[in-house]
Amino acid sequence: MGNWIAGCAVSISLVALYFSYAQFMLNRRIKREAGQPYVVPDIQPREGGSGILVFTLQNIGSTVARNVEIDVDPPFQGGEGGDWDDKLRVALGRRLSHLPPGRRLEWYFTFGPRFYQRADLPRKYTVKVRATGPSGPVEEMSYLIDLDLMQETALDRETVVAKLGEIAKYVSKQARQR
């Protein structure tokens, strides 16, 4: 009977050792990842109540992202004519030497209400981000930007600037009537 108890104790010790090692490895990974940069791409309305959509790149991590590279498939097509698409492609074709924590970059993409009137433009883009953190290369991240999800949002709302213009006209009209 003593051998059976000893065998159980060894088995329990081995199981405990396994779970302790697994916990150690998980804690190590969490600590390493907490010290890495996280560069997140997105397309969203420009701040200030505008219908303009901008492509943003933001480091939400706790450390500097270095050698940031972006791949977009298919290439962005906002349909604005001019050179918005070309400027965005050129900017994203360059390697960013660094992106500090909390830093947010943005580039014009398109005017939302006009974009959604066109069925010939891609609505889904896969954006891959590669970067280097303090511990070396960060795991490549792939993000799907689905612009169909944004279509019914308040992109066509009046801007703050337009509202201020209306207020200025009203005040001017009231002043002339006195």
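Guide: Start with the second largest cavity, which has a volume of about 30 Å³. The model is predicted, and the volume is computed from it. Look for L57, V68, I70, A91, L92, R94, L96 and W107: they line this space. By class, 7 of the lining residues are nonpolar and 1 is charged. No polar residue takes part.

Now move to the largest cavity. Its volume is about 70 Å³. P37, Y38 and V39 belong to its lining. So do V129, R130 and A131. V138, E139, M141 and Y143 complete the list. Two strands give two or more residues each to this lining: β6, spanning 124-133, and β8, spanning 141-146. The largest share comes from β6, with 3 residues. The classes here are 8 nonpolar and 2 charged residues.

How many cavities of 30 Å³ or more does the count give? The count comes to 2. Why use a probe for this at all? Rolling one the size of a water molecule over the atoms shows where empty space is left.

To find the two spaces again, use their linings. W107 is one of the residues around the second largest cavity. Y143 is among those around the largest cavity.

Notes:
Residues are numbered from 1 along each chain as its sequence is written. This is a predicted model: local features need pLDDT of at least 70, side-chain atom pairs count only at pLDDT 80 or more; totals for chains, interfaces and linings use all residues. Side-chain values use heavy atoms; hydrogens and water are left out. On a 1 Å grid over the protein atoms alone, a cavity is a set of points where a 1.4 Å probe fits but cannot get out, and a pocket is an open set with protein on both sides within 12 Å along at least five of seven lines; lining residues have an atom within 4 Å of a point. Grid points are joined across faces, edges and corners, and a volume is the space filled by probe spheres set on the points. Helices (H or I, at least four residues) and strands (E, at least two) are DSSP runs, numbered from the N terminus. Ala, Val, Leu, Ile, Met, Phe, Trp, Tyr, Cys and Pro count as nonpolar, Asp, Glu, Lys and Arg as charged, and the others, Gly among them, as polar.
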